[in-house]
Amino acid sequence: MSNITRRAALRLAVSTAALPLLATAAKAASHAAHKTHTVTISNFAFSPANLTIAAGDSVVFVNEDGAPHTATADNGGFDTGNLSRGQSATLTFNAAGSFSYFCAIHPNMKGSITIS
């Protein structure tokens with residue numbers, strides 16, 4: 001085997017071995033970019049009432065009220081179900097769009113999430 005052939009074989013071996021590491025790093029970076037936002041339910045209100053997030057981000061709805069609540073999309077696209085005091089539900093939003101939501105138990109409670 002000549003030096004050129006050995007060098008080419010070494011380069012190929014090193015680049016092939018590095019591919020899984022690069023794929024893992026890219027996947028980890030993509031997951032690291034996603035954030036988790038918190039919407040607190042307190043005093044019969046969502047806080048913040050209007051939230052803007054990036055696609056792939058998650059929203060945790062946390063009920064701090066004594067009464068049960070939901071976060072239910074106006075269009076039926078999501079529903080946390082009934083959340084009692086101290087309970088939470090996490091939703092992940094993967095596509096851009098805008099969602100208005102309300103509490104199915106107390107319909108005067110309203111909020112919105114914009115996904116960019």
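Guide: Contact means heavy atoms within 4.5 Å. Leaving aside neighbours within four places in sequence, Asn63 is in contact with residues including Ile41, Pro68 and Leu83. This is a predicted model, in which local features need pLDDT of at least 70, side-chain atom pairs count only at pLDDT 80 or more, and totals for chains, interfaces and linings use all residues. Residues are numbered from 1 along each chain as its sequence is written, and side-chain values use heavy atoms, with hydrogens and water left out.

Visitor: Why does Asn63 count as buried?

Guide: Buried means under 20% relative accessible area, exposed over 50%, and partly exposed in between (1.4 Å probe, protein chains only). Asn63 has 0% relative accessibility, so Asn63 counts as buried.

Visitor: Is Asn43 buried or exposed?

Guide: Asn43 has 66% relative accessibility, so Asn43 counts as exposed. Phe44 has a relative accessible area of 42% and is therefore partly exposed.

Visitor: Which backbone oxygen does the side chain of Asn63 reach?

Guide: That of Leu83, at 2.6 Å. A polar contact is a pair of N or O atoms within 3.5 Å; within protein, one must be able to donate a hydrogen and the other to accept it, and residues adjacent in sequence count only if both atoms are side-chain atoms.

Visitor: How many bridges join β1 to β4?

Guide: 6 bridges join them, and the two strands run parallel. Two strands pair if DSSP finds at least two bridges between them. Strands (E, at least two residues) are DSSP runs, numbered from the N terminus.

How values were computed
Helices (H or I, at least four residues) and strands (E, at least two) are DSSP runs, numbered from the N terminus.
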